[in-house]
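Biologist: I have a new structure open and would like to learn how to read it. Could you walk me through it, one feature at a time?

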Amino acid sequence: MSQPLIELHDLVFAWPGQAPLLEIPAFRLEPGEALFLKGPSGSGKTTLLGLLGGVNRPGQGSIRLLGQDLATLGQGARDRFRVDHTGYIFQQFNLLPFLSVRENVELPCRFSKSRAARAAQRHGSIDQAAAQLLAHLGLDDPALLARRADSLSIGQQQRVAAARALIGQPELVIADEPTSALDADTREAFIRLLFDECRDAGASLLFVSHDQSLAPLFDRHLSLAELNRAAKPREA
Amino acid sequence: MYLLRLALASLANRRFTALLTAFAIALSVCLLLAVERVRTEARASFASTISGTDLIVGARSGSVNLLLYSVFRIGNATNNIRWDSYEHYAKDPRVKWAIPISLGDSHRGYRVMGTSADYFSHYQFGRRQHLALDQGRAFADDPFEVVLGAEVAEALHYKLGDKLVLAHGVAAISLVKHDDKPFTVVGVLERTGTPVDRTLHISLAGMEAIHIDWHNGVPARGAGRISAEQARAMDLQPTAITAFMLGLNSKIATFSLQREINEYRAEPLLAILPGVALQELWSLMGTAEQALFVVSLFVVLTGLIGMLTAILTSLNERRREMAILRSVGARPWHIAGLLVLEALALALSGIAAGLGLLYACIALAQGYVQANYGLYLPLAWPSAHEWTLLAIILGAALLMGSVPAWRAYRQSLADGLSIHL
């Protein structure tokens, strides 16, 4: 069996002076897997994503990303590790409004040499990588690339955000409620596009949402409430 | 490099605030530099009110007082000096030229100065410039001729051939006029930007003539009066003057002659070196000048605080921007750097615009200021001193930029990847 992409072990996290917010005995995400994690707001979802991104450190237990224990890395190294291996898609307003669509997509390559190198290797150049990813996601109008990001519709913006998460082939794409601002039709179309692109790039997808209706589309679905022991007493 | 691109794009996105901020800095920089330039030029022009004169001699009083009435036409002499004292030194072999001056009368607020024709050939101002006639000629043999300074002619609309009456004393409104002996305008001097512009020049003989029938400070009445015609026929050699200026053959003799004059036994005299007295006078006014400088420094500080406020208030609404940047791999120091660059860009553009504004103002006002205040403001490249000031402003802006940078650094550490609305 191959090495898991994410492996949490006996993870405990609490904000200073508060009761533990997260207690996750075990959690795994396999390479290439698309996982739906149901997490209503207030369930510690944001904190979990912060831990996976290496922004916060666990109090106890370990977080391994690609076999690397994040807790052993320094702040700067965690930041670098995050951008090298993870692409993010947020709820909405994912883009820097004052940059062009193309520049938004290329942002991770500006901060990560390895993603810039992989994008250039796979597509010839970073510009081409951005154009091809956008074209795959249905944004193939060349004029659109030069437009300001905030001149696009919400649906288009989320696709640009997906292209940004995927550029330079990170091993993991974390999507935090990326469809909550989309209507039902575009929602499913967006998720299918995301699946295709993640599969093409060989990336795992961790999709966090409170919308249970999307769960059947995924390989596997989990609820953060089930995973997290710390959450149970509060629900009861 | 990419951070700079991001900082500029982000600023461009908030261009209205950014422009206002840069404009405030530009105005303050322009003010500071303008004050600096006027200060420097005023000092230079003040120092060049009189040049080429080695000694000014008057009745014994204070050196600043002597300088004020003899050169700046401010205040009054405490006493006159005798004509033979003047002649004594005018004939001294070390003396190249001597200009007698006699003060005490006025015309509609402008001082009247009695002098000799040597005044027009030897008096120098600025960078050793001589007086020049704009119209007409210098006064000649007739005692009732007057040569006007440029400002007098312009303000009072006098032209050649006009007649004017001098008033006794130097008060703006004088009750006693020499209306029995009118003067004719024979010449108008070119503008000098010095007190010469505000002076009416008559001959010593003219000065003597209008006072010839005066006794103990009041005009004679009835039969005692002497008409202009009668006066012309009389001996108009003055017996006393107010002061005189000396040009020496050799500068080396200046100090020894000064000492000699100060120790002159026939009457108490005071000889001053104009340069030294000007320095003394300027140091008196230095406080006001420095106050102006300090005020403009505070205006610059206000401009920079405006920038600080603008950046700090933008921080909260830009937390999303920061979180997005963090998610694509920007480290906290990148975020801090972004804000420092932003402050730097604002300050630099403010300074550049301030310089532009300064030069535009100088180009526009140069002629007017020169004509009205005698100040020549050069359209020159900033001096080393001005560059230093600009560098200090930039340094202060960097220092201020580090405040929001530090806050953003803390904030981006705390917020991480969570997006705040």
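Predicted model: local features only at pLDDT ≥ 70, side-chain atom pairs only at ≥ 80, totals over all residues.

Biologist: Which residues of chain B belong to domain 1 and which to domain 2?

Modeller: Domain 1 of chain B takes in 1–46 + 285–415, and domain 2 of chain B covers 55–272.

Biologist: How many residues of domain 1 of chain B are in contact with domain 2 of chain B?

Modeller: Six residues of domain 1 of chain B meet four residues of domain 2 of chain B. On the domain 1 side, helix 12 of chain B gives the most, with three residues. By type, that side of domain 1 of chain B divides into three nonpolar, three polar and no charged residues.

Biologist: What confidence does the predictor give here?

Modeller: For chain B, the mean pLDDT is 87, and 97% of its residues reach 70 or more. For the complex, the predictor gives an ipTM of 0.85 and a pTM of 0.74.

Biologist: Let's turn to the interface. How should I read one?

Modeller: As general background, the size of an interface is often given as the accessible area lost when the parts come together. Here we can look at contacts instead: 17 residues of chain B are in contact with 25 residues of chain A.

Biologist: Which elements of chain B give two or more residues to the side that touches chain A?

Modeller: They are helix 1 (2–13) and helix 11 (319–327) of chain B. The largest share, five residues, comes from helix 1 of chain B. The residues on this side of chain B divide into eight nonpolar, six polar and three charged.

Biologist: What does A:A163 touch?

Modeller: Leaving out residues up to four places away in sequence, A:A163 touches A:V105, A:A130, A:L133, A:L134 and A:L137.

Biologist: Now for the strands. What should I look for?

Modeller: Strands of a sheet pair through backbone hydrogen bonds, either parallel or antiparallel. Take strand 7 (residues 172–176) of chain A, where five of the five residues are buried. A:L172, A:I174 and A:D176 cover one side, with A:V173 and A:A175 on the other.

Biologist: How many bridges join strand 7 of chain A to strand 8 of chain A?

Modeller: Five bridges join strand 7 of chain A to strand 8 (residues 204–209) of chain A, and the two run parallel. One bridge partner to find is A:L206 in strand 8 of chain A, paired with A:I174. Strand 6 (residues 86–89) of chain A also pairs with strand 7 of chain A in the parallel sense, over four bridges.

Biologist: Why is strand 3 of chain A described as largely enclosed?

Modeller: Strand 3 (residues 34–38) of chain A has five of its five residues buried, so the rest of the structure largely encloses it. Strand 3 of chain A pairs in parallel with strand 8 of chain A over five bridges, and A:L35 stands opposite A:L206 there. Four bridges also join strand 3 of chain A to strand 9 (residues 220–223) of chain A, again parallel.

Biologist: Where can I see antiparallel pairing?

Modeller: In chain A, four strands form an open antiparallel sheet in the order 2-1-4-5. Strand 2 (22–29) and strand 5 (68–69) of chain A each have a single partner strand, so one side of each is left without a neighbour in the sheet.

Note on methods: Residues numbered from 1 in each chain as written. Chains lettered and ligands numbered in written order. Contact = placed C-beta atoms within 7 Å. Nonpolar A, V, L, I, M, F, W, Y, C, P; charged D, E, K, R; others polar. Domains from an automatic or database assignment. pLDDT = per-residue confidence, 0-100. Buried ≥ 20, exposed ≤ 12 C-beta atoms within 10 Å, placed from the backbone. Pairing = 2+ DSSP bridges.
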